[in-house]
Amino acid sequence: MTLLLEPTARVSSSPDIIDAVRDPDCNLAIWQRDSVPGAEELAGEDHGEIRFSAALSSLEARLANELDAASYPAGATRDALTTDILDLAQRFAAMMELDSVQVRLGIVTTNSCRKFHEDYVKARLITTYAGTGTQWIDAADAARVAEGGEPQAIQTLGAGDVGLFKGKMWSGSPAIHRSPPIAETGERRLLLVLDPPRKG
């Protein structure tokens, strides 16, 4: 069952909800699900940031090399993480009609994007495997923020939830969101971001 929170945000436990972003009246689709087992342990370790673009045909091999370079240990947790990233990349690419994707995976311990904002991309897929998920606001609160006010109801994705956010390059009403403020709390987030590959 799909829950319509606002005319612009839809939530479901079905992965098919991702395709709702194609609808003109939807700028945020949220797939509610469990996270990868063992993700909290990975977030507690020191890993380098992974950031690269690759064709879908070479993504698996490139991801394996990048995980090695970032010191992600071999084992069941890494295997599950790899499988999930590849699955999300395929889903994102299919929805966006892409043959390659840009991948960013890393540990976040700061207020990296603490202000509510829209992304300057066509669409962005975000999932937080461990820690507090991305925060977002509905259209009414977005209007309040645009006028210099404060949001009245901040929504937060759960660990493992997948959010597909329309960006400014797709919609006149992009999804407004931010990274949760976690600086100086000791929290460590394991964050995956998928974008269309940059041109040029």
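## Helix α2

On one side of helix α2, the residues Ala-61, Asn-65 and Ala-69 are exposed. The structure is a predicted model. The buried residues of this helix, which spans residues 59-69, are Leu-59, Leu-63, Glu-66 and Leu-67. Because these four cover an arc of only 100° around the axis, they lie on the same side of α2.

After the helix comes Ser-71, which has a positive phi near 65°.

## Salt bridges

Side chains of opposite charge can pair when their charged atoms come close. In the whole structure, a search finds 13 salt bridges. One of them joins the side chains of Asp-84 and Arg-33, with an N to O distance of 2.7 Å. This pair links distant parts of the chain, since Asp-84 belongs to helix α3 and Arg-33 to the loop between β3 (28-31) and α1 (39-43), 51 residues apart. Both Asp-84 and Arg-33 are buried.

A salt bridge also forms between the side chains of Arg-188 and Asp-46, at 3.5 Å from N to O. Arg-188 is located in the loop between β10 (176-178) and β11 (189-195), and Asp-46 in the loop between α1 and β4, so the pair ties together parts that are 142 residues apart in sequence. Arg-188 counts as partly exposed because its relative accessibility is 28%, whereas Asp-46, with a relative accessible area of 67%, is exposed.

Asp-119 and Arg-124 form a salt bridge in which the closest N and O atoms are 3.0 Å apart. Asp-119 has a relative accessible area of 5% and is therefore buried. Arg-124 also counts as buried, at 17% relative accessibility.

## The largest pocket

The largest pocket has a volume of about 390 Å³. It is lined by 15 residues, of which Val-121, Met-169, Pro-196, Pro-197 and Arg-198 are the closest to its centre. By residue class, the lining of this pocket comprises 7 nonpolar, 1 polar and 7 charged residues.

Definitions and conventions. Residues are numbered from 1 along each chain as its sequence is written. This is a predicted model: local features need pLDDT of at least 70, side-chain atom pairs count only at pLDDT 80 or more; totals for chains, interfaces and linings use all residues. Side-chain values use heavy atoms; hydrogens and water are left out. On a 1 Å grid over the protein atoms alone, a cavity is a set of points where a 1.4 Å probe fits but cannot get out, and a pocket is an open set with protein on both sides within 12 Å along at least five of seven lines; lining residues have an atom within 4 Å of a point. Grid points are joined across faces, edges and corners, and a volume is the space filled by probe spheres set on the points. Ala, Val, Leu, Ile, Met, Phe, Trp, Tyr, Cys and Pro count as nonpolar, Asp, Glu, Lys and Arg as charged, and the others, Gly among them, as polar. Buried means under 20% relative accessible area, exposed over 50%, partly exposed in between (1.4 Å probe, protein chains only). Helices (H or I, at least four residues) and strands (E, at least two) are DSSP runs, numbered from the N terminus. The arc is that of the directions from the helix axis to the C-beta atoms. A salt bridge is a side-chain nitrogen of Lys or Arg within 4 Å of a carboxyl oxygen of Asp or Glu.
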